[in-house]
Amino acid sequence: AIRALGNSLEAIATRLRRERDEMPQSQVVFEELEWDGLSRDEVREKKMFVGTQEIEWARKLDKSVSEQTKRRASFFNEKLGRAERILRRRYRRTREREKAATLKGLAAFGNAIGEVEQNIRAVYREHAEKAEAEVERVEKERRSTQEQTQMMLSAAIVIREEKEVMNTAWYSPPKERQAVMFKCLKRVRRLQEDMKGLDIMPELKQKHSVLLYSLRMLEAKLKGECTATPNDILEGPLKLTSSQKKQLQDARRTFEQELASDLEGIRASHSARAERTVSRLASEFRVFAEGRHVPSLQAARASIDASVSQATQAELALVALRPFADAAAALPVEALRHVEVARSPLDAPTFIPKRKRLTEALDKTLHVVEKLQKGLNRPLQQLAGGDRAAPDREWESALAGAEKRWREFCERHPEVVDVDSAGETPRSEAEVLEEGRPANASREDSLEDISPP
């Protein structure tokens, strides 16, 4: 439409230039006849009169054209302003309606993500608390058992070394052998008294009984090899040799390593169980969200794009209407100018309006047409440039935040086809460890070689 208007203006300008170029030349001979028979004073007075009339006519015409121009410009500006208000009002009404609906959907989506993330944090917290409680209980039980196991292991080591001492001294001279056997008897009696005073756990009763039986048999054998009274017993606590202390330290170090490994296994098992629960929750939520909430993201994007398109159309419509309003305001006024020129007295020699008036009218109208033509360049550039209106920042920010939050949730919790729930068992990790390997297995195994001599 703007190009058509440009073509029309070009046709008008061409017509005006042709009329100006084809205007008849002034006839000097006929113009001189106007002053024939007049004196110099009369010619001067007539020219002054004619000039005054010409000035007065031009002033009236300019005033009339100016008034018409202002009136028509005000009229079309008012019409354009009204069109702008209507277009913007329609655009804002549609935008606010769609914005409220989509923001509500995005808020619901964000609340749903926040709720499931809160549930996930609760799952991690619950399993962490269960793991720590389980670790505390298992560690307490294992250390309590280890304390008694260490004492029994110490007794077993002493028994084994006393047997070795007896075997070494067996072939010694009688007096020396008797002194060694007497010393071993006192140590064995001291150890036997210490072992009798222990409060043994039920699961270690059998091992404790084996140790006491071994000590009784060893005492009986030593009593036959030396002369001693029932009161011959080692005074004070039994002191361990450096070799015995080293064995106990090695056993304690091994226990700590095994305990740390088992406790880490309990934590890892609870962590894996939490991960399975979280994966199931996340997968269920993803299925739910993709069916109910993800379409709200697509609807919001479509609404924003439609809103931008409507705003762009409204802006471009105003840009396109402006040249037509300017032309509609200016061209009728120029037509009025030429009507007034045509109504003015004709030039006698050419029977057309006076050359000066007609030339000025054509020049002014041509200037107006050329100005209108120049005014078409910017609208054409704006329409051809494809410039889009800026989107609503609040709306765009809300959509971008929801998309980012959903994308980060999907990255943290990738889709799982089948969540394995085989690990969900009400048994504790301590029970599972007990089935696989008894607590302090290495310590108890070291007592197996303690048998009656």
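Predicted model: local features only at pLDDT ≥ 70, side-chain atom pairs only at ≥ 80, totals over all residues.
View A. His-413 makes contacts with Ile-120, Val-278, Ala-282 and Arg-286, leaving aside residues up to four places away in sequence. The residue itself belongs to the loop that runs between helix 10 and helix 11 (429-436). His-413 is classed as buried because its relative accessible area, 12%, falls under 20%.

**View B. Crossing of helix 6 and helix 10.** Two packed helices are described by the angle between their axes and the distance between the axes. For helix 6 (residues 242-292) and helix 10 (residues 393-412), the axes approach within 11 Å, and the crossing angle is roughly 145°. The crossing of helix 6 past helix 10 is left-handed.

**View C. Residues at the contact of helix 6 with helix 10.** Helix 6 contributes Ala-282, Phe-285, Arg-286, Ala-289 and Glu-290, which meet Trp-406, Phe-409 and Cys-410 of helix 10. By residue class, this contact comprises 6 nonpolar and 2 charged residues, with no polar ones. Ala-282 and Arg-286, listed here on the helix 6 side, are also among the residues touched by His-413.

**View D. Arg-92 and Ala-311.** Arg-92 is located in helix 3 (residues 40-169). Its relative accessibility is 41%, so Arg-92 counts as partly exposed, a class that lies between the limits of 20% and 50%. Although Arg-92 and Ala-311 are 219 residues apart along the chain, their C-alpha atoms are separated by 8.7 Å.

Terms used. Residues numbered from 1 in each chain as written. Heavy atoms only, no water. Axes fitted to C-alpha atoms, helices over the stretch in contact; angles between N-to-C directions. Helix = DSSP H or I, 4+ residues; strand = E, 2+ residues; numbered from the N terminus. Left-handed = near helix turned anticlockwise from the far one by under 90°. Contact = heavy atoms within 4.5 Å. Nonpolar A, V, L, I, M, F, W, Y, C, P; charged D, E, K, R; others polar. Buried < 20%, exposed > 50% of the residue type's maximum accessible area, 1.4 Å probe, protein only.
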